[in-house]
Amino acid sequence: MEMAIDTPSPSPSASSAAAGRQTRAAESVRLEHQLLRVPLEALKSTVRTNHRLAEKEIAAVLSSASAAAAAPGGGGGGGSGEAAAVDHLTSLVSRLHGLKRKMEEGVRAEELQVQRCRARLNRLASASSGDDAEWEELRLKRILVDYMLRMSYYDTAAKLAETSGIQVLFEQNQWDSLVDQFKQEFCKLYGMTLEPLLNIYMQAGLTALKTPFCFDGNCPKEDPLSLPGFRKLAEPLPFSKQHHSKLVCYITKELMDTENPPLVFPNGYVYSTKALDEMAKKNGGKVTCPRTGDVCNYTDLVKAYIS
Amino acid sequence: MELDSLREAFDRVIEKRASSSAKAQEVIDQIVSEVEQAITKMQMMNTDSMGSADHSSVLAELKAKLNELAPLNQLEGCQKELNVALSKYLKLLEKSFSPDISKAYRNVDFEASTINSIIANHFYRQGVFDLGDSFVRECGESDGAHLKLQFQEMYSILEAMQVRNLQPALSWAAKNHDQLLQNGSMLELKLHQLQFVEILTKGSRDEALKYARTHLVPFASLHKAEIQKLMACLLWADRLDQSPYAEFMSSTHWEKLAEELTHQFCSLLGQSSESPLGVAVSAGFQGLPTLLKLTTVMAAKKQEWQAMKQLPVPIDIGPEFQYHSVFVCPVLREQSSDENPPMLMPCGHVVSKQSIMKLSKSSSRPFKCPYCPSEAVASQCKQLHF
């Protein structure tokens with residue numbers, strides 16, 4: 001262990017940090033089931049509707065045509081019967097033309113939905129690479145839109161979707177039907193969760209962040225759990241757990257690890273090498289403990305080995 | 001991630017959907033053409049004034065031809081292929097993604113009014129004030145609104161900085177001089193420094209000197225080295241870009257200072273510089289996959305998920321979410337606490353107080369460090385504060 005500290009090797013650790021980030025990104029993408037499932041359900045339903053329409057109309061035309069054939073003498077003889085038969089067939093042709101027009105509309109709807117499914121697949125592929133900052137921003141906005149729709153804050157939901165280029169995911173022309181889906185509480189049917197996504201992710205995040213230290217008086221402000229609202233939400237959630245020490249420098253807030261090992265003041269207070277190095281350089285080799293005001297020489301500090 | 005195979009499966013769907021709709025059009029066209037042929041035949045008969053017996057034979061022939069076409073079977077066949085492709089894709093989707101991300105959700109009171117205040121706050125702190133207002137109007141929760149004015153001030157300062165106007169920033173820093181000093185922030189000096197360089201590069205050395213005398217001198221005793229460098233800049237007034245101090249002109253100073261101002265402004269408001277909502281949600285995205293796996297494992301072991309006080313396993317979230325030092329004793333594998341604090345042995349290794357008590361048989365005898373050959377006695381061990 002001491003060997004590892006004496007010979008710092010920044011490159012493997014840096015690349016493992018990047019690998020960790022990428023694994024986490026790929027794992028997070030797996031959560032986006034709803035993002036792919038919802039448009040797929042819409043596509044399936046359009047396909048089904050179009051198919052049923054074609055089936056029904058064609059069956060009707062077929063039975064109408066065979067009924068005409070079965071009629072005695074094609075209409076009871078005489079010229080008027082013949083004319084009626086022609087009229088009848090002509091009406092079938094125009095019915096078929098009508099069907100064709102409707103089918104073309106249906107096909108356009110299917111094509112739009114296919115594009116949407118495809119676009120989302122592509123978006124997720126880029127998101128799983130781990131360095132898609134735009135994705136993270138979009139993700140939060142998407143969750144907020146989902147929340148507001150479920151809470152029926154439709155105006156703000158529409159405004160947020162409009163201003164944030166979120167249309168890639170919630171196309172404008174699909175907006176009304178989306179609102180309807182939420183209104184009719186068809187969530188499960190469309191592959192959506194019952195709880196707002198925001199609540200699900202907030203609970204998971206607060207559980208991951210919750211430690212006994214968060215409820216200390218000197219919890220750093222950067223921790224969401226330093227704020228009363230977040231503390232209230234986290235109250236019924238379990239604490240997270242650590243199997244290994246993770247030490248954060250009080251001064252720089254950076255992780256103290258083998259590259260930035262912890263140094264101990266004679267009074268037992270611990271800070272990162274980076275912070276104390278810099279302090280010593282500025283103050284002629286003297287360092288001051290910011291929490292107690294104790295001053296000592298940099299050379300009096302000892303290294304702590306944390307496994 | 002199996003995104004490539006998902007894309008392939010979806011390509012099948014695209015292909016089958018296209019051929020299915022092409023087929024439907026084709027089938028309709030075929031029927032139309034048969035019926036039209038029948039009509040033509042009948043019309044020819046009419047002009048030839050043939051008997052109506054032939055007329056029925058045309059209709060019978062049409063019926064036979066349509067039967068032979070079997071349009072419904074043709075449609076059905078194509079639709080079946082499309083459905084197969086769709087269900088294959090769906091199956092793959094269910095396999096590759098977590099189909100139910102609410103599995104790890106605890107059925108607890110997650111108060112909407114608290115969440116709404118957090119969201120309103122989020123919009124204001126991000127500087128999207130109209131969204132914040134609209135949200136507050138719709139949810140009827142005005143709790144988050146009290147920070148609106150403060151954030152408006154912050155954004156007006158930042159906007160001014162974007163057009164290189166430091167005045168609002170400087171007057172804010174002057175107003176909060178003592179608190180900034182308390183935070184150990186050099187923001188005020190850095191702002192004056194930037195203003196000084198700005199005056200100098202715009203041309204007037206006298207003006208810059210005058211500015212330095214009034215605004216930089218008060219900082220001279222604490223930040224001698226910085227001030228000396230700035231004074232040296234005066235010698236290079238009209239060619240600062242060729243001087244050893246050219247770095248002062250870099251536009252990154254502006255960006256960095258805007259960042260620091262945001263940070264300090266939020267800190268004085270008692271707020272974090274990143275949106276806490278954004279932080280919590282990002283942590284959720286990173287933590288949820290582990291939580292979902294955990295619920296599955298625990299359900300299989302019939303363990304209670306809803307009431308547990310602490311997770312049984314760690315969640316791997318990025319180092320950016322580490323706000324607190326957590327020491328886990330490598331001997332006892334337990335998190336340290338006030339009762340069981342971390343202790344430094346003379347060799348430099350750290351274990352918990354309880355471990356030392358055990359190793360030294362309640363401080364009665366020397367013991368060997370569990371990690372190296374050196375010996376220690378309990379009284380030589382020092383409590384650490386992280």
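UniProt positions follow the numbering used here, feature names are shortened, and an annotation may be inferred rather than shown by experiment. The model discussed below is predicted.

Q: Which residues of chain B does UniProt list for "domain: CTLH"?
A: The record, an unreviewed entry, lists residues 150-207 of chain B.

Q: Why are α4(B) and α5(B) called roughly antiparallel?
A: Helix α4 covers residues 112-125 of chain B, helix α5 covers residues 129-139 of chain B, and they pack at an angle of about 160 degrees. An angle over 145 degrees counts as roughly antiparallel. Therefore α4(B) and α5(B) are roughly antiparallel to each other. Their axes are 7 Å apart, and α4(B) passes α5(B) in a left-handed crossing.

Q: How do you know which residues of α4(B) and α5(B) meet?
A: Residues count as in contact if their C-beta atoms, placed from the backbone, lie within 7 Å. On the α4(B) side the residues that meet α5(B) are B:Asn116, B:Ile119, B:Ala120, B:Phe123 and B:Tyr124. On the α5(B) side they are B:Phe129, B:Leu131, B:Gly132, B:Phe135, B:Val136 and B:Cys139.

Q: What classes of residue make up the contact of α4(B) with α5(B)?
A: The contact has nine nonpolar, two polar and no charged residues. Gly counts as polar, and B:Gly132 is one of the residues of α5(B) in this contact.

Q: Into which domains is chain B divided, and how far apart are the centres of domain 1 and domain 3?
A: Chain B is divided into domain 1 (3-95), domain 2 (116-268) and domain 3 (325-386). The centres of domain 1 and domain 3 of chain B, taken over C-alpha atoms, are separated by 82 Å.

Q: How many residues does each chain give to the contact between chain A and chain B, and what makes up the side of chain A?
A: Chain A gives 112 residues and chain B gives 107 residues. Helix α5 (residues 79-127) of chain A supplies the largest share of the side of chain A that touches chain B, 20 residues. By class, that side of chain A has 63 nonpolar, 25 polar and 24 charged residues.

Methods: Residues numbered from 1 in each chain as written. Chains lettered and ligands numbered in written order. Predicted model: local features only at pLDDT ≥ 70, side-chain atom pairs only at ≥ 80, totals over all residues. Axes fitted to C-alpha atoms, helices over the stretch in contact; angles between N-to-C directions. Helix = DSSP H or I, 4+ residues; strand = E, 2+ residues; numbered from the N terminus. Parallel < 35°, antiparallel > 145°, perpendicular 65-115°, else oblique. Left-handed = near helix turned anticlockwise from the far one by under 90°. Contact = placed C-beta atoms within 7 Å. Domains from an automatic or database assignment.
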